[in-house]
Amino acid sequence: MLKYFYITNNPEVALIAQSCGVDRIFVDMEYIGKEERQPNLDTVKNRHTVNDVINLRGVLDKSELLVRVNPVHADSEKEINSVIEAGADVIMLPMFKTADEVKRFIGFVSKRAKTLLLLETDEAVKKLDEILSLDGIDEIHIGLNDLHLSQNKRFMFELLTDGTVDCIAEKIRNKGIPFGIGGVGAVGSDVALPAESILCEHYRLGSSMAILARAFCDTSKITDLNEIKSVFESGIRANREYEKMLSSQKPVFFVHKHEETKRIIYEIINRKKDN
């Protein structure tokens, strides 16, 4: 089964997610450069803090605590030390472009937490072989949103149709490093690209992790804790049941589903062109 991450700094929501089987609670401290990269996009731009890490560490006892820090900058070592001291289990590095940045990040963490690279720049993709030669990379997540922007693509899931993710995934698999891909909503939701299609791609590519997208449970719109719990319970149950079905399928199933997913993605891209 995939490891699911959910982004929140709310201890009550985190406890609900944990109780429903979410594997990692995700504190998002990244802010450097984010507004400039995504000025007109309807994306979540969090400003979580070290205090949020401390607060969540105080309530979580099953789910791991994941913290996304800022890209490597002058105060990275201080920032990383602070989140480790606050109790982070996993530290995610976003927006890196070179092997040197990754090497510095690994050195700052110094095996005190798991290292998770968020691969989301075209520069890093081009230098992936050099990056993968480094020791100390525990996991990698392929960030489809910023990566598609850096490659001037129209739709982030286009990267599943043009061979980009297939090539990246093969290189990471060959190194034996666990990896994840983008985000996913709940099975059965009425969306343009169904969660079923995305989950099939995870299983086809050998992914082991996914971020639960804002659409899975948008707590800016749903504020009642009982309703939030109901959404998590039904959503996680539906996804796990679908994953159980996927785990028993043969490779030919995923070949056919990939072609179906590509068709859906092309239709979405064409609609974007028309608009």
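In this predicted model, the exposed residues Lys78 and Glu85 sit on the face of helix α4 that is turned away from its buried side. The buried residues of α4, which spans residues 76–86, are Ser76, Glu79, Ile80, Val83, Ile84 and Ala86. Viewed down the axis of α4, these buried residues fall within an arc of 165°, so they line one face of the helix. Their cover includes the helices α3 (50–57) and α5 (99–109) together with the strands β3 (64–68) and β4 (90–93). Just after α4, Gly87 adopts a positive phi of about 115°.

The setting of this helix is the protein chain as a whole, whose secondary structure comprises 12 helices and eight strands. The radius of gyration of the chain is 18 Å, close to the 19 Å that the globule rule gives for 275 residues, so the chain is as compact as a globular protein of that length. Along the principal axes, the C-alpha atoms fill a box of roughly 50 × 45 × 40 Å.

Further values for the protein chain are tabulated below.

| Property of the protein chain | Value |
|---|---|
| Buried residues, share of the 275 residues | 52% |
| Contacts with a separation of 6 or more that join residues 24 or more positions apart | 69% |
| Accessible surface | about 12,900 Å² |
| Accessible surface belonging to carbon and sulfur atoms | 48% |

As to charge, the protein chain carries 37 positive and 43 negative side chains. The centres of these two sets lie 3 Å apart.

Methods. Residues numbered from 1 in each chain as written. Predicted model: local features only at pLDDT ≥ 70, side-chain atom pairs only at ≥ 80, totals over all residues. Heavy atoms only, no water. Helix = DSSP H or I, 4+ residues; strand = E, 2+ residues; numbered from the N terminus. Rg over C-alpha atoms; globule rule 2.2 N^0.38 Å. Buried < 20%, exposed > 50% of the residue type's maximum accessible area, 1.4 Å probe, protein only. Contact = heavy atoms within 4.5 Å. Areas by Shrake-Rupley, 256 points an atom, 1.4 Å probe, with all protein chains shown as cover. Lys, Arg positive; Asp, Glu negative; His and termini not counted. Charge placed at Lys NZ, Arg CZ, Asp CG, Glu CD. Arc of directions from axis to C-beta.
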